[in-house]
Amino acid sequence: MQTEKFGTKLTIEKSGDMIYFSQLDLASILTRALRRAGLALYYTQGFNPRVKMSFGRALKLGIEGTEEVTIYFTEKISPEGLKQKLLPQMPQGLRII
Amino acid sequence: MIDFRLVQKPQRYIGNEINSIKKSHHGKIPICISYPDLYEIGMSNLGLRLIYGMFNEFEDVACERVFLPGEDLAKILAGNNIKLFSLETKTALDSFEAVGFNLSCELNSVNLLKILKLGGIPLKASERKELIVFAGGIANPEPLAEFVDLFYLGEFEEGIGKFVETFRKYKDKNERLKALSEIDGFYVPQFYNVSISSNRYNFDRLYKPAQFPLKRIYVENLDKSYYPLNWLTPHTQIIHDRVPVEIARGCPNSCTFCQARSIYKPYREKKVSTIYNIAKTIYKNSGYENISLLSLSASDYSKIEELLDVLISEFKDKRVGLSLPSLRIDDTLSSLYRKLLFLKKTSLTVALEAASDGLREKLGKKIDANKLFETAKIIKSLNLRTIKLYLMIGFPEETEEDLFAIASFLEKLQINTGLSINVSINIFVPKPFSLWETKWMCREEILEEKIKLVLGSLKRRRNINVSISQTKRSILEAILSRADRNFSRVIMKVFEACGYGTTEDWQLWQTAIKECGLDYKIYLESSYENFPWSFIDGCKASASQNNRGN
């Protein structure tokens, strides 16, 4: 049973071709990147466990810009540490700043 | 440039997915491959991914992908004289040396022409000077003989090495085709003349060294064969949004109506350890949250319980969903289904095909339906939400009793389990190479009556949801899968009439068939002693040892 959760906040910049991907796509791109990075993810409870994350204000489709997201883990991880692990897993056009 | 904000789902055209491969074309053989349907459908096809990965293993091949654009983008491309381009390097299709298609779905025939046209490629094989259009995954290639230069019959894993070797050795299109036609599995329609006389299709070689009769080629050692481990991971949702991990190919059963069983002969399994390694590596490379164990009959896999144990212990904590595409009823009795509870599986799917025992026996379907009732208690305890059943109608020798049996069976099952039942009823199509390829397709008006009878007997049953295939669509599928070379003309006419719009309108096909002076019934009612596909005779493992190139 996972009990404690630790949130780490990131700012993500959408540019280039990635502007055509929706908020839903972004959540799935991030989830898979986090899974590939092999991080200690915190999953939501219930029948369909998901990686827990919460987004700030979503960007419109087709617009460049930045957006905040808080991702939850079962252990503490600094924004810098997370950035380092996640960066190699991000597609071109999605930058962590 | 195209303003992708003007089209629906621009994600389809961007590419740039995790593990997509971009190579410079300089000094390489550029090949584009396609599943001729929309991105989200095509990307769900395993065959395309296998071939994409295998081609790109060759250092001197640059393999890219293209899918059918939506009608909106197709119109923009055609209206602005922009050629359809590959996803990877956005190269116009006519700049490739070869464009390949997976034609496993007959109803995509016209889509093939749409893609060629949009890509600036002449539609007919005879009109193309350099570029080779090749295709595979199709049981009966004849209706597309006019458009495709080169078919591969069977599993392309065995032919891809020879294909690349030949492309290296020869630069001229005709030289390439000649050389390939001499190799097992490759079929060049223009090298054969087909005529009809004394009630038979006759096949004559125009290029004498070409293979005849042709054999379908299969991978002998599935366990050691290539699997795409660097899994192409889309950034957007696709139809089957999970990683299919093939556990076996072919099927040990002999259902009379089944085409897949015949064209993926013989039955072969991968080892548990191989499957485990594949699943683990793909997860590491893709981060995909769902894995599905792929085979025609997953529960026939000889070590299914061992396999599930291994996979469940690997993936449980990672919250990766595992699923099996179909199960036998016997599995509800075994501990197998208990294991599946770990796998987020919320429905039980049973391919029953016929509701009456007698008809099922004729189909060679070895299922004891009564077990479903015996196991009703177990089924109840599994916390399932629904039971999904697959049935078929339109079989030869099918009686009214067989049809009425559907309603009584479903009712009994519903009452016994208390679950809601989704039943999907398909129409029997006598597919080439199936054991029943010689049977007649049920006529349209009779099919309509049968459907009326089934639906009538199921009226107002709560918790039983029925969906039935459209008769016209099934008839079209039958024609396209069974037709001969004459039918290329019809496909061309339908393409000319539909533009980039829908191709499933029966009226379009009917008009085109009439204009070509054809009677489609000859394809549905075994009018000749043999078939348009009779030049393909049996199958064999590839004899050549060094066919892996590189």
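Predicted model: local features only at pLDDT ≥ 70, side-chain atom pairs only at ≥ 80, totals over all residues.
View 1. Look for Pro266(B) in the loop that runs between helix 7 (260–263) and strand 12 (268–269) of chain B. The residue joined to Pro266(B) by the cis peptide bond is Lys265(B), and omega is about -10°.

**View 2. Phe212(B) and Pro213(B) are also joined by a cis peptide bond.** Here, too, omega is about -10°. To find the spot, follow chain B from strand 8 (200–205) towards strand 9 (214–218): Pro213(B) sits in the loop between them.

**View 3. Asn81(B) has a positive phi without being a glycine.** Its phi is near 50°. Asn81(B) belongs to the loop between helix 3 (71–79) and strand 3 (98–102) of chain B. Is Asn81(B) buried or exposed? Asn81(B) counts as exposed because 7 other C-beta atoms lie within 10 Å, and a residue with 12 or fewer is called exposed.

**View 4. Glu353(B) is a residue with positive phi in a strand.** Phi of Glu353(B) is about 70°, and the residue is not a glycine. Strand 15 of chain B, residues 347–353, is where Glu353(B) is found. How many other C-beta atoms lie within 10 Å of Glu353(B)? There are 23, and the cut-off for a buried residue is 20 or more, so Glu353(B) is buried.

**View 5. Two domains of chain B meet in this view.** Domain 1 is made of two stretches, 4–218 and 537–546, while domain 2 covers 241–470. On the contact between them, domain 1 of chain B supplies 8 residues and domain 2 of chain B supplies 12 residues. What classes of residue does domain 1 of chain B bring to the side that touches domain 2 of chain B? That side has 5 nonpolar, 2 polar and 1 charged. As for the spacing of the two domains, their C-alpha centres are 32 Å apart.

**View 6. Chain A and chain B come into contact here.** Chain A contributes 16 residues to the contact, and chain B contributes 17 residues. On the side of chain A that touches chain B, you will find 7 nonpolar residues together with 4 polar and 5 charged ones.

Terms used: Residues numbered from 1 in each chain as written. Chains lettered and ligands numbered in written order. Contact = placed C-beta atoms within 7 Å. Nonpolar A, V, L, I, M, F, W, Y, C, P; charged D, E, K, R; others polar. Helix = DSSP H or I, 4+ residues; strand = E, 2+ residues; numbered from the N terminus. Domains from an automatic or database assignment.
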